[in-house]
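These are my notebook entries on one model. I set down what I looked up, entry by entry.

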Amino acid sequence: MKRKPSEKAKKKKEKKEREKLSIVLKHNWLMLRKIAKMTPEYIFFTLLMSVVWGLGNAASGYFTYAVLNEFDLPAPSFAKVVIYLALMVTWLLIQNGTSAWYFEYYQTIVDRKLQHKMHSELFEQALAMDLACYDDPKFYNDYVFAMDESKNRATQVMNDVGTVFRQLITLSALVALLSQVDPFVALLMGVSCLVSVILSNITNRFYFKKNERTKPFHRKNSYINRIYHLADHSKELRIGKADENLQKIYTESVEGIVEEEMKVGKKTFLLALANDVVIYLAQFAPALILLFGLYDGSVKLGGYVAALSLMWELRWGIYELLQTFIRFPENARYIGKYIHFMDYKPKIVGGDRKAEPMETLELRNLRFAYGNSEDTKEKYSLDGVDLTIRKGEKIAIVGYNGAGKTTLTKLLMRLYDPTEGEILYNGHPLSEYDIPSLRSHIGAVFQDYKIFAATVGENVMGGEVSPDDRDTVFDALEKSTFSDRLAGMEKGIDTALTREFSDEGVNLSGGEAQKVAIARIFARPYDLIIMDEPSSALDPEAEYQLNHTLLSYAEEKTMIFISHRLSTTRMADRILMFEEGKLIEEGSHDALMERGGKYAEMFRLQAEKYRTETS
Amino acid sequence: MSIFKRKEKPKKENVLSGRRAFSNNLYVLKIIQKVAPSFLPTYFLWSVLGSILDFFIYTWMMRKVVNDFQLGEPMEKLAAIIIALLVGQVVFDVFITILRKVVYPRYQQKIVAAIEQSLFEKASKVELECYENPKFYDKYVRAMDNSYSRCMDVVYTVDSLIWRVTSISTNALILVSIDPWLALVALIPLLLGFVRKYRNRLQKTRDDERRPIDRRQAYVQRSFYLGEYAKEMRLTAMPKLMIGYYKEALKDHIALQKKYGFKMAFLKTVGDTGPNLVVFLAGIYAAYCTLISHTMLAGDFLVVFNTVGQVAWVLASLVTTLEEFRSHALYIEDYRYFLDYEPKIKKNANGIPASAGTLSVENVTFRYAGADRDALQNINMTVRQGEKIALVGHNGSGKSTLVKLLLHLYEPTEGAVKLDGISLADYDQDSLKEQFAVVFQDFKLLSLSVAENILLRPLKEGDEERVTEALQKSGGWEKVSTLKNGIHTTLTREFDDEGAVLSGGEGQKVLLARAFACDSPIIILDEPSSALDPIAEYQMFRNMLEACEGRTLIFISHRLASAVLADHVYLLENGRIVEDGSHRALMEQNGRYAELFRKQAENYVKEVSRDEA
């Protein structure tokens with residue numbers, strides 16, 4: 001409860017900051033410059049189209065004015081009228097043709113080109129980003145946002161600048177025409193348009209607030225909608241009567257929405273009416289005033305007609321201009337996030353040292369905590385680990401969930417840097433090494449491994465498959481015991497995985513996917529292999545077989561594997577038992593069993609149920 | 001050598017007959033008419049009145065003023081007309097504002113609720129199988145998606161049609177009154193409608209072809225920014241491959257634009273300039289009549305100049321409006337299909353009330369819709385009241401499917417599932433539901449309170465103690481007691497920012513309370529313990545057995561150690577029961593079960609016995 005006021009204050013502060021004019025201008029300008037650098041032609045054509053459209057909007061008024069004034073002359077010339085009309089239709093043809101070419105054809109291409117260039121930059125930055133950033137929800141949200149929105153925002157800034165430019169041209173042309181007819185009427189129309197735009201903005205603000213208030217209701221309703229249409233909850237819905245609970249929530253929130261709608265409707269009723277009356281006055285008053293002028297000869301017929309018919313153009317112009325201005329701060333806010341992301345300097349940067357094949361790996365008083373803030377640091381995921389791993393060793397890491405096993409492997413790959421202490425690779429700190437070169441020696445299968453929407457071969461190689469690689473891929477899949485499944489695939493290792501792109505893609509089961517992921521470590525000549533619960537989705541038989549292949553393959557190599565299943569750990573040269581971030585026991589299976597410590601206890605408990613039943 | 005090179009087959013477009021399209025639109029209008037009887041007549045009436053008023057102000061008034069001025073009519077008369085129209089406009093506005101501010105929103109919410117609720121109701125009735133049938137499911141998701149706005153679109157399209165017709169008729173009337181030939185000129189653009197139609201079709205084809213390309217780009221984007229890909233993206237050469245995909249997509253985009261863009265631009269120019277040309281021709285004709293033959297006044301010229309274009313434009317866009325109805329109809333087709341679908345498993349409210357008894361599975365074979373092999377084959381089993389049954393086997397052996405058949409979430413393809421000798425379908429399904437307490441492997445927590453998640457029904461008096469007690473037994477109390485509102489805490493943060501987020505293990509423990517809290521005679525646990533370690537699982541099953549004296553318990557596990565506790569074990573492999581009997585009997589039989597059990601036990605036993613030797 002205490003937090004609420006401070007959060008509100010924070011929000012207010014944020015809002016103030018976001019509306020600061022200099023920042024708004026700076027950010028929009030920055031984006032424009034970026035576009036100018038990446039696709040200068042985009043800027044050129046946007047401005048060109050603005051001129052064409054801006055003049056076009058005012059053109060019909062000018063032509064009406066010219067033609068009717070001709071009528072009003074004592075001896076009107078038919079030929080002149082025909083010329084005016086011909087000029088008009090030619091102008092419209094040019095306007096229609098250029099805008100069709102631009103909007104139907106060209107804009108899409110230049111837009112995509114811009115998108116490509118922006119994304120290339122973003123992708124590069126994303127790869128350089130520290131993995132720790134993914135753990136910081138605020139940063140992560142901004143980051144996803146920058147990724148998702150940047151391109152749209154660039155287009156938006158471009159469009160907005162174009163709109164402002166276009167409307168300024170239209171409005172000046174209109175005002176010029178109107179003042180020629182009757183400056184007072186021009187002023188009257190201008191002012192009432194402005195008043196009307198302001199009134200509608202006030203009304204909009206009320207609606208905006210209403211939308212904020214109804215958001216929770218809509219969130220509930222869309223949640224319920226999802227519950228019904230996603231397969232996820234289909235079983236739960238059928239085994240009980242939770243249906244009734246959901247229906248109640250739904251009905252209540254519909255009532256809530258209606259109530260809010262009525263409230264805002266009543267509140268803005270008079271405002272809306274006033275707004276309309278202003279518009280009507282702006283339309284009818286000139287009709288009356290100019291009527292007097294018409295009869296006393298100070299206004300020509302063309303002027304009378306043009307002034308009345310331009311009223312809408314004028315109002316629309318002012319309205320659109322203001323709406324566009326409102327969007328610039330919004331653009332700036334998004335661009336701010338983009339800049340924040342692009343300016344982020346990764347903390348994990350490589351050195352110059354090229355990594356040689358691994359000989360030793362030393363951990364010295366290693367401590368690590370996720371997150372940056374001080375209060376989270378009290379909870380160390382790794383708390384003072386000292387350890388040396390030599391070439392060719394087979395290490396098993398065991399412990400309950402949350403003991404720090406997976407974290408340790410992430411540090412070894414330098415996906416995170418230690419909070420305290422250091423890791424030495426062949427005697428030098430990890431941070432001195434060139435990162436790609438270091439990682440080229442380490443092969444890993446993660447607990448939450450990911451299969452990409454690419455071919456089987458590409459998934460195994462972790463990238464493109466050159467013709468020379470094909471045998472490697474087959475061999476790796478053979479070793480990870482995937483061959484049987486592969487034989488059933490028509491296109492072999494060129495089979496597309498997942499259905500992201502095509503319905504002909506193959507979705508693998510958990511166990512099959514795991515085998516493909518495991519094949520990755522056989523496909524490249526890694527010296528250090530890290531397996532994080534590599535066989536959780538496999539049944540015991542498959543696991544047993546896989547473990548044997550792994551061991552025979554890994555003879556020379558260093559292997560670190562994490563497993564829940566203690567049976568697997570027996571194959572290891574050395575077992576490391578972790579508890580709450582600390583290495584509490586270390587040794588061979590036999591030694592640890594003899595010692596009768598935590599490991600032995602864990603092992604006995606698991607074995608017990610089986611023992612009593614089989615013997 | 002990309003996997004995308006394969007040409008995607010263009011999806012065959014669903015084409016509805018004109019009659020069906022019409023009937024679908026009418027179907028929605030009828031629903032709306034039924035939900036909110038006075039909405040449509042009011043809405044359409046005021047829209048007609050509005051467009052007639054517009055005609056008087058923008059076309060008629062202008063003509064009147066210019067003509068009368070030329071004819072030298074007194075100014076006072078014209079001023080009076082202008083003022084009268086102003087008054088008319090303001091009066092009209094008061095009414096329409098009331099409607100828009102406080103009448104329409106209420107109707108609209110009513111219509112949303114009615115449409116969504118009709119879908120919800122149906123969704124909870126259709127059998128589970130529908131979710132696994134991709135074709136049905138697609139239709140269903142499409143029907144659910146934006147159902148409301150799609151239905152309202154029908155109203156808006158009818159409204160725009162009414163507006164167009166009114167506008168054409170009033171304007172045509174004035175044109176004919178000036179010169180009948182002009183009506184003919186205005187008809188020319190009707191042909192332009194077909195140019196537009198062709199252009200729109202091109203655009204649709206282009207958009208359809210563009211979608212898979214966009215999907216590729218979006219995927220590449222995700223692979224860069226989603227946390228789940230982050231590790232692999234840093235450790236492998238995948239980024240290069242992904243960027244390659246992206247570049248390829250860009251090329252495809254440009255090629256697509258070259259293929260369709262120019263054609264579309266040309267057609268658009270023709271379509272847009274057509275009405276302008278008509279204005280040009282009509283303008284010259286009217287100018288001739290005004291200046292040379294003197295059969296028209298300046299006001300008439302003005303009307304021709306302004307109105308011909310408008311009529312031309314409206315006529316040309318009429319075809320688009322009709323196309324809109326067709327596109328609504330396609331969507332409504334899904335909606336109708338779904339609402340008209342007769343669930344195979346009926347509620348059968350007048351069926352036999354179910355009560356505890358023997359559950360029997362007789363020669364059941366089951367195949368998922370669209371699958372090419374049976375998920376279950378010729379299954380026979382009998383579960384007497386109070387028995388403890390274990391279903392074991394590898395993943396994909398059919399255990400979970402069997403459970404779903406027991407719960408009557410599916411109808412068997414062959415054979416029958418019976419309770420006390422009576423087929424499940426013959427029971428009142430609501431009372432049948434009450435016989436089971438179930439926790440699924442892939443359980444989902446609803447955004448309801450802890451207690452409601454456990455009971456899966458609205459709370460009644462006395463439920464509090466019942467739920468608390470059950471949680472204490474299931475081990476969930478430890479967590480729930482720390483929550484601010486105890487068992488009334490909302491789960492998940494879906495729409496309550498103070499909702500509790502439970503880990504997988506905590507969620508399982510909380511839901512296991514279901515078995516204790518419901519008096520249901522049959523408890524089914526589908527791997528409810530996958531998030532627990534083997535020791536905790538064993539412990540959990542033991543507690544469960546003690547607590548469930550007299551009640552039937554069916555549990556699934558792939559850890560055979562837990563099967564030891566059951567009275568009867570069924571081993572499934574590839575959809576068949578390969579062995580069954582008590583643990584002891586199966587071990588003595590020394591078959592597949594014994595082999596599996598030993599394999600799981602092997603490592604432990606060897607070690608432990610050597611230790612003790």
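Entry 1: I note at the outset that domain bounds come from an automatic or database domain assignment.

**Entry 2: basis of the model.** I record that this is a predicted model, in which local features need pLDDT of at least 70, side-chain atom pairs count only at pLDDT 80 or more, and totals for chains, interfaces and linings use all residues. Residues are numbered from 1 along each chain as its sequence is written, while chains are lettered from A and ligands numbered from 1 in the order in which they are written.

**Entry 3: confidence.** I looked up pLDDT, the predictor's confidence in each residue, from 0 to 100. For chain B, the mean pLDDT is 84 and 93% of its residues reach 70 or more. The model scores ipTM 0.79 and pTM 0.75.

I then went through the elements, where helices (H or I, at least four residues) and strands (E, at least two) are DSSP runs, numbered from the N terminus. Among the elements of chain A, the lowest mean pLDDT (50) belongs to helix 1 (residues 3–19) of chain A, and the highest (92) to strand 5 (residues 428–429) of chain A.

Which residues of chain A stay under 50 in pLDDT? I find residues 1–6 of chain A, for which the model has zero contacts beyond four places in sequence; two residues are in contact if their C-beta atoms, placed from the backbone, lie within 7 Å. In chain B, pLDDT stays under 50 over residues 1–13, with eleven contacts beyond four places in sequence. I note the like for residues 607–613 of chain B, with seven such contacts. Where pLDDT is low, the predicted coordinates should not be read in detail.

**Entry 4: where the chains meet.** I find 118 residues of chain B in contact with 112 residues of chain A. Helix 10 (residues 238–291) of chain B supplies the largest share of the side of chain B that touches chain A, 27 residues. I sorted residues by class: Ala, Val, Leu, Ile, Met, Phe, Trp, Tyr, Cys and Pro count as nonpolar, Asp, Glu, Lys and Arg as charged, and the others, Gly among them, as polar. The side of chain B that touches chain A has 72 nonpolar, 23 polar and 23 charged residues.

**Entry 5: a helix pair across the chains.** I took axes as lines fitted to C-alpha atoms, for helices over the stretch in contact, with angles running from 0 to 180 degrees between N-to-C directions. Helix 8 (residues 242–296) of chain A packs with helix 3 (residues 75–125) of chain B at an angle of about 165 degrees, their axes 9 Å apart. Helix 8 of chain A and helix 3 of chain B are therefore roughly antiparallel; angles under 35 degrees count as roughly parallel, over 145 as roughly antiparallel, 65 to 115 as roughly perpendicular and the rest as oblique. Their contact has 24 nonpolar, six polar and seven charged residues.

**Entry 6: a pair within chain A.** I find that helix 2 (residues 21–38) of chain A and helix 9 (residues 301–342) of chain A pack at about 65 degrees, with their axes 8 Å apart. Helix 2 of chain A and helix 9 of chain A are therefore roughly perpendicular to each other. Among the contact residues, I see A:Ile23, A:His27 and A:Met31 of helix 2 of chain A, and A:Phe328, A:Asn331 and A:Ile335 of helix 9 of chain A. By class, this contact has nine nonpolar, four polar and no charged residues.

**Entry 7: chain B.** I find that the assignment for chain B gives domain 1 (18–340), domain 2 (348–435 + 524–535 + 552–613) and domain 3 (443–519). The C-alpha centres of domain 1 of chain B and domain 2 of chain B are separated by 57 Å. Their contact takes five residues from domain 1 of chain B and seven residues from domain 2 of chain B.
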